[in-house]
Amino acid sequence: MTVGVEPGVGNGGGAVLDHPDVVGQVRAAFERYEQALVDGDVAVLTELFWDDPRCVRYGVADRQYGADEIGAWRRAHPSVPPGRRLTGTVIVAVGDRTAVVSTLFGYPGLPVEGRQTQTWVRLAQGWRIVAAHVSEIPLD
């Protein structure tokens with residue numbers, strides 16, 4: 001889903017936004033990450049984060065700086081509660097090397113709305129998350 005910009009169109013600043021090929025690649029990487037999250041596949045979850053000390057992950061009640069901390073946290077918390085469902089996923093590709101994925105998530109019977117944002121960059125190894133932020137708010 002894109003909002004306000006025709007796919008593959010420049011924004012006047014030189015960057016092409018939402019080129020369909022780039023959006024498709026990022027969507028595939030994001031879906032792979034989500035499946036690994038549901039399955040508790042720590043190898044894939046670790047692989048898809050940038051292996052660099054500047055990589056940042058802010059969780060609901062935690063934070064990690066660098067690939068080592070993110071990997072250690074993920075090994076201790078490999079999966080999410082059952083029934084995770086996503087809604088409102090938006091992918092904004094900026095050029096052919098960067099994208100931001102924003103989504104909402106929830107779980108059956110849990111009165112919270114989860115929010116997740118990931119910044120993906122195409123590196124030599126493929127698409128990797130360089131920054132992520134996860135939060136939850138209670139539903140009334």
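Which residue lies over the face of Phe-105? Arg-84 does, at 4.3 Å from the ring centre. The legends below describe close-up views of a predicted model.

**View 1. Arg-84 over the ring of Phe-105.** Arg-84 sits 4.3 Å from the ring centre of Phe-105, over its face. The Phe-105 residue is buried, with a relative accessible area of 5%. The side chain of Arg-84 also makes a polar contact of 2.6 Å with the side chain of Gln-116. Both Arg-84 and Phe-105 are among the residues that Gln-116 touches.

View 2. Is Gln-116 buried or exposed? Gln-116 counts as buried because its relative accessibility is 5%, under the 20% cut-off. Its side chain has a polar contact with the side chain of Glu-34, at 3.1 Å. A polar contact with the Arg-84 side chain has a distance of 2.6 Å. Leaving aside residues up to four places away in sequence, Gln-116 touches Phe-30, Glu-34, Arg-84, Val-101, Ser-102, Thr-103, Phe-105, His-133 and Val-134.

**View 3. The aromatic pair of Tyr-33 and Phe-49.** The count of aromatic pairs comes to three. One of them joins Tyr-33 and Phe-49, edge-to-face. Their centres are 6.0 Å apart, with 70 degrees between the planes. Tyr-33 belongs to helix α1 (residues 20-39), while Phe-49 is in the loop between α2 (42-47) and β3 (56-58), so the pair ties together parts that are 16 residues apart in sequence. Tyr-33 is buried at a relative accessible area of 4%. Phe-49 is buried too, at 5%.

**View 4. The aromatic pair of Phe-105 and Tyr-107.** Phe-105 and Tyr-107 form an edge-to-face pair. The distance is 5.8 Å centre to centre, and the planes make an angle of 70 degrees. Phe-105 is buried, with a relative accessible area of 5%. Tyr-107 counts as buried at 5% relative accessibility. Arg-84 lies over the face of this Phe-105 ring.

**View 5. Arg-57 over the ring of Trp-73.** Here Arg-57 lies over the face of Trp-73. The distance from the ring centre is 4.1 Å.

**View 6. Backbone of Asp-18.** Asp-18 is not a glycine, yet has a positive phi of about 60 degrees. Where is Asp-18 found? Asp-18 is in the loop between β2 (16-17) and α1. With 3% relative accessibility, Asp-18 counts as buried.

Methods
Residues numbered from 1 in each chain as written. Predicted model: local features only at pLDDT ≥ 70, side-chain atom pairs only at ≥ 80, totals over all residues. Heavy atoms only, no water. Buried < 20%, exposed > 50% of the residue type's maximum accessible area, 1.4 Å probe, protein only. Polar contact = N/O pair within 3.5 Å; in protein donor to acceptor, adjacent residues only side chain to side chain. Contact = heavy atoms within 4.5 Å. Phe/Tyr/Trp six-rings, centres within 6.5 Å; stacked < 30°, edge-to-face > 60°. Helix = DSSP H or I, 4+ residues; strand = E, 2+ residues; numbered from the N terminus. Lys NZ or Arg CZ within 6 Å of the ring centre and 35° of its normal.
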